[in-house]
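Dear colleague,

I am handing over a structure that is new to you, and below it I have set down what was found in it. Please read the notes with the sequence and the coordinates open beside them.

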Amino acid sequence: MGRSKRRRLGQNFLTDANVAEQMAALTDASTPRVLEIGPGKGALTQPLLERFDRLLALELDESLVPALREQFGTAGVEFRAADALKEPLDPLLDEEAPWQVAANLPYSVGTAILRRLLPRNDLFTRIVVMLQQEVVDRLVARPAGKGHGIMALERAAFAEAYIAFQVPPNAFKPRPRVMSAVVVFDLHPAPHSPESLSGAFSLACRALTMPRKVLTNALAPDVGSDQLEAADIDPKLRPGTLDLADWVRLAGVIGRQ
Ligand code: SAM
């Protein structure tokens, strides 16, 4: 395969069996079904199948699927040539829910895939994924902490998250240029309605494009100090210090006016 196709598909295959084993060990034995995204050549599939009798895997590169079927195919184990960004999830997963997810995600579309999965606590209990370290840091960032922005706010709406361990480039072939990290998400029902969340995210997105400004300046001219104060937020704070509940309250104050 050409290098550009490999790069587009994020095909950095895990060659360190210990990393795959440690990832699989982060799944929770109480949910017996696992969805794997991008099984590639099966590095993570192998230790997952030591824990799960039921595995469904979605792999975009159909040329990899016959070998996966040959190596691991047995009752309850299914490999589909499918795009995890597009494949309708409900018909595949709903009847047997809940599932867990385990994946060494293709880095180019990793966050887009997560955006599909994280709001689905009706389908998934835990998601264990590998991504580039820089993205993982932003996903788990805390208010006022380094890198706290829209990614952490979106994640906080749907899951608790922690970094399990880091993975150096030499654990893969070909080697990626960046450090990677494994992150665990435990999903929970969203504490706010979809409308409140969308209002909160759109305000936060706007303000966070000017992270160094105080809130009144970052949100001017549409939002003033009186509205911030009505939402119990200090107008002199910077956007990165607010948590999800703050943004939801502010969106609520603005929506009521
Ligand atoms: N799990 C294997 C491993 O750990 O060695 C492969 C991981 S590799 C980083 C990412 C895998 O995701 C590749 O096999 C790639 O073909 C596949 N992939 C890329 N985009 C995808 C998509 N949209 N849906 C499903 N699989 C995808």
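In this predicted model, a backbone N or O atom of G40 lies 3.5 Å from an oxygen atom of the ligand. Of the 590 Å² of accessible area that the ligand has on its own, the protein covers 99%.

The ligand has 22 residues around it, and those that come nearest are Q11, L14, G38, E59 and D83. By residue type, the shell divides into 12 nonpolar, 6 polar and 4 charged residues. Strand 1 (13-14) and strand 3 (54-59) each supply at least two residues of this shell.

Turning to the sheet, you will find that it is open and has 7 strands, which follow the order 4-3-2-5-6-9-7 with mixed pairing. Its edges are formed by strand 4 (77-81) and strand 7 (159-167), each of which pairs on one side only, and the twist from one strand to the next averages 15 degrees. Strand 3 and strand 4 run parallel and are joined by 5 bridges; in this part of the sheet, A57 stands opposite F79 in strand 4.

Most residues other than glycine have a negative phi, and most peptide bonds are trans. Here, however, the peptide bond from A97 to P98 is cis, with omega near 5 degrees, and P98 has its place in the loop between helix 5 (89-93) and strand 5. The peptide bond from K173 to P174 is cis as well, with omega near -10 degrees, and P174 lies in the loop between strand 8 (172-173) and strand 9. Finally, A144, although it is not a glycine, has a positive phi of about 75 degrees; this residue lies in the loop between helix 7 (133-140) and helix 8 (150-158).

Terms used:
Residues numbered from 1 in each chain as written. Predicted model: local features only at pLDDT ≥ 70, side-chain atom pairs only at ≥ 80, totals over all residues. Heavy atoms only, no water. Near = heavy atom within 4 Å. Polar contact = N/O pair within 3.5 Å; in protein donor to acceptor, adjacent residues only side chain to side chain. Areas by Shrake-Rupley, 256 points an atom, 1.4 Å probe, with all protein chains shown as cover. Helix = DSSP H or I, 4+ residues; strand = E, 2+ residues; numbered from the N terminus. Nonpolar A, V, L, I, M, F, W, Y, C, P; charged D, E, K, R; others polar. Pairing = 2+ DSSP bridges. Axes fitted to C-alpha atoms, helices over the stretch in contact; angles between N-to-C directions.
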